[in-house]
Amino acid sequence: MSARTDGGPALELRGIEKRFGDVVALAGVDLNVAQGSVHALLGENGAGKTTLMRIAYGLVPADRGEVRLFGTPASSHSVRGAVRAGVGMVQQQLSLAPNLSAAENLVLGRRGLFNPAAAAERLDAVSAEFGLRVPAVSRTQDLSIVEQQRLEILKALSRGARLIILDEPTALLAPSEVDDLLQWIRNFASNGGSAVLVTHKLREALAVADDVTVLRRGQVTRAGPAKDTSAQELAAAIFADTAADGASERSSDQPVPAASSEGAVIVEARDVTISRRVPVLRGASFVVRRHEIVGVAAVEGSGHRELLLALAGLLPITAGQLRTPNRIAQIPADRARDGLIPDFSLVENVALRGLGGRRGVMPWSSLAALTSELLRRFGIVAPSPKTPAKALSGGNQQRLVVARELEREVDLVVADNPTRGLDLKATAFVHTQLRGAAAGGAAVLIHSTDLDEILSLATRVLVVFHGSVREVQPERSAVGRAMLGAA
Amino acid sequence: MLLADVASALEAFWRGSLGTSSALFSGTLVRAVPLILVGVGVALAFRAGVFNIGGEGQLLLGAVASTVVGLHWGGGVAGVIIALCASAVAGAAWAAIAAVLRARFGVLEVISTIMLNFVAVNLVSYLVRGPLQEPTRIYPQTSLIAESARLSRLWTGTRLHAGIFIGIVVAVCAWLVLTRMAAGFRLRAVGASPSAARASGRVDVERVTAAALVASGALAGLAGGVEVTGVTYALYENLSPGYGFSAIAVAILARLHPLGVLATALLFATLETGALGMQRDAGVPSVVASVLEALAILAVVAASGRFGISWRATRGPRTSGAA
Amino acid sequence: MAGDQGTANEWCGMTDVSPFLEAAVRTATPLLIAAAGESISERAGVINIGLEGCIIAGAYAAFATGGIPIAGYTSAIFAGLAVGITMAFFAVVMRRDQIIVGAGLTMLALGLTGTLFRLREASAPLVTTEPVTAIPLLSRIPVVGPALFAQPAITYFAFALVPALWWWSQRTQGGLALRAVGDSPSAAKAAGVQVVAVQAGAVIVGSALGGLAGGSLVLAQAGTFAEGMSAGRGFLAIAIVALGRWQPVGVALASLIFGAAMALQYVVQAMGWGIRYELVLMIPYVLTLVALAARRRGVSQGQHFSYAPAMLGRSLPDD
């Protein structure tokens, strides 16, 4: 690790408390980020990492506690104040206006006149100065995810940020892109900058951080220099009492009984092409058999999303042949948008399945009985089947979706990021269900932005790169290379 | 002095709306019928996330169709049924223009239905001065429709006609469909979340929204038919004192509940006939009723928050950046 | 037969186009002002169905004020502001449904102006209209001179709005913030833009222009007030904004086309072509439908919805 320039703390948080309704998100958290250092903030989903950093950046007010930025107390706390003090934050949901140009996004939020030519020059200049290449596109949505992330970092830096907070920056990146980013963070720190890396991945934290803080359920369970700790210690601090659960689930990570090449073919794709104005998927050919769990790995915008939609029967293919069974379960990536209707009751949400083809009278009483049974069988915590879905926690909402889709026997399961935003228990639950479906005779296709999740579940991996599909050995480095188009 | 004015205005309101049996049975209840029918139609469309603001035009087309049938129908008991069916079909067809414009050309129905209102108003003006004008060519209206094409009056001496039953039956049926039938649940699901209806329910969202718009138009058209066969017996300009717009307030005040529409339609009919009474007897302009209706909309919107409807009227691309 | 030929020839003759052009530009003026206002509001993501209400409120305010045109215009703007502030409060600050609030406000304004108008004494229904301000030299240009340069001052203002609006939205940080809010409120907020203030401001300014459009209807065209005299211009303006692809120049062109369509009724009456007047009155509305359908189809080959602000019609996320 590089020598740190010790100029006092860049960020100091003292006794930060925050509640959302009855839920205590943060219960008195302290954090110190030294100047010229990289600080990893570790914890499970829902541990309070993001909330803490949003407080530091002035996006949310703390209920109690003190924020000091570069030694000065941030009294009237706001984003504007944080930016003025030299703090920048790259949020997990990138905050770029998709239809503005890259340069426009760079200078958004200032005052006075706006000159497009000058803004474009400025983009070039900061891009060169900080070694983060971003093409000057007229619509930011045309940038790749990694370029968008660079643009976010440049936005912060061009406003004079000396402390950069990165919230789960590697979640959407391919392995080699992750390495590039971590390298850049190191360089930034050795040039005197400071960074907070919010992550739930130990490997990344240990690879780059000078100091580590672990949050669990809104409290610090460990803090100190990275060199004084080990992956095991950190894992214990992260999971603590859930460790037992986690361990038992992890132990079931062994692959499902060897993928039999003699199982019945469930999905057969032959030269499948999908066009949305331009072809997004070209000449895809593969088969998926009964009992298989097949991972679909890809970086954003590769065409895998369209492939999954087509497999689920939600997007027509343009050319070729795609044979899929009738009984399909689908677990969409965005459950609040595609999986559930938040305002509807649990019964109504269960009734959604197969609604398109339903005729006549709704069998509400049998649907209510089914819902009660699903709540019991799948361990969904809900006051009653009449509760609106929005009243459930994210984990229970996802359990409901999974329960609805897998409650009866299916031949094909298409799951897109089925554990996004879930805690460890709920994640384990979803994994168990997917394995169970495969064991029960279904073919399972799963995509996740977390490559480790794919590798822990899948017996085979299909990689989609730039619209073409090929099968790759289910092994980290091979998949990672293929996701970026390398041989 | 001022107090006396207010008292006399209120008294006029009471006499004009509910206070006398003629006001109630010839005025208020008669006026409630089209409000119920268009109101239920509006509620259905809104529930599906379709902003059908074209009830007025659809009602006028229904009135035109029932007038044409009523003028040319030879006789027999089926006349009124044929006339009413024709009005529903015409209203549905007028709404279907907006549905096609939306499905095929992506024209927002919030714009197209309003434009179609203006076209319909001018179309009626043209018809009653042109092809459908009464034979003497003096008045801008049609001849009276055949006796066989008229809805029967419930009590002699009042203007209350059988249309009130049509309104009640339609409201109850709409409620049953929404709560008990697959088609109704589909409509609600599409209105609440088109993306979930499509992805999780395999619902053809475009078809459901188009169907809701057309059904909504059919009910508005039926309202026009009921008005011609039950009240006016002829087509003329200003046949509707803005029923299509009042019905929006009726539906919203009922929180888009078909049975609630029965109550709010009666309330608004009372407001409107009462306001007419005030204009007659106390010199208060009757348009004050539409002020009250608008205030009711705003009050409901302010008090009850959102309606849980994802309007398809202004659909744009979803951005991944917005949480 | 020969007579018909003569009339047609006269109509086609250059000199006769001038009054039509003049009428087209004059009729386009309130549409352009209202559409410019609506485009500001929609750029920030708010579809303002209350625009029709702003126009009728502005028209009534201008009528009720009377006196010199400048006073009428000022009160017209204030009337639009009143509607706009209400719209902004409900639809932006309280995150209520934009379409329902807008529809309610339009009903309210139509009802309120109707009530006030009927309560007035019936005397003096006419107000002084704004005189034509001919621009020296330019107004002498044959054919287009009188049409374009012998107009009331409000027309010049309307057309001056177009480059001003373009400059402001494309060359100032405020305009950039406005476009960002309509595209992605979360991105704008993260960049330090006061999202609610920008959106509310856009609605209020747009509504004020709607009020001004109503004022011009009374002060530069009709010279009096009639119940419901806005006659759907607010809704036409919303269609014009979509047709002009939310760009100032496109909006101006679309306004002129509709001005011409509305001015056609004068031509038809004057020429005595035997076409029913009521049918001619339909033309702008039918034209709107046809134009929107044609426009969409033209666009769908390439990029479909990309011209509309992404967040149009959606309430801002809660804080």
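How many bridges join strand 9 of chain A to strand 10 of chain A, and which way do the two strands run? There are 6 bridges, and the strands run antiparallel. Keep in mind that this is a predicted model.

- Strand 9 of chain A takes in residues 211–216, and strand 10 of chain A takes in residues 219–225.

**Chain C on its own**
- Chain C has 13 helices and 2 strands.
- Of the 319 residues in chain C, 57% are buried.
- Take the contacts in chain C with a separation of 6 or more: 77% of them link residues 24 or more positions apart.

**Where chain C meets chain B**
- On the chain C side, 50 residues are in contact with 45 residues of chain B.
- Four helices of chain C each put in at least two residues here: helix 5 (98–119), helix 9 (185–190), helix 11 (233–243) and helix 13 (277–300).
- Helix 5 of chain C gives the most to this side, with 14 residues.
- Sorted by class, the side of chain C that touches chain B comes out at 33 nonpolar, 10 polar and 7 charged residues.

Note on methods
Residues are numbered from 1 along each chain as its sequence is written. Chains are lettered from A and ligands numbered from 1 in the order in which they are written. This is a predicted model: local features need pLDDT of at least 70, side-chain atom pairs count only at pLDDT 80 or more; totals for chains, interfaces and linings use all residues. Two residues are in contact if their C-beta atoms, placed from the backbone, lie within 7 Å. Ala, Val, Leu, Ile, Met, Phe, Trp, Tyr, Cys and Pro count as nonpolar, Asp, Glu, Lys and Arg as charged, and the others, Gly among them, as polar. Two strands pair if DSSP finds at least two bridges between them. A residue is buried if 20 or more other C-beta atoms lie within 10 Å of its own, exposed if 12 or fewer, and partly exposed in between; C-beta atoms are placed from the backbone.
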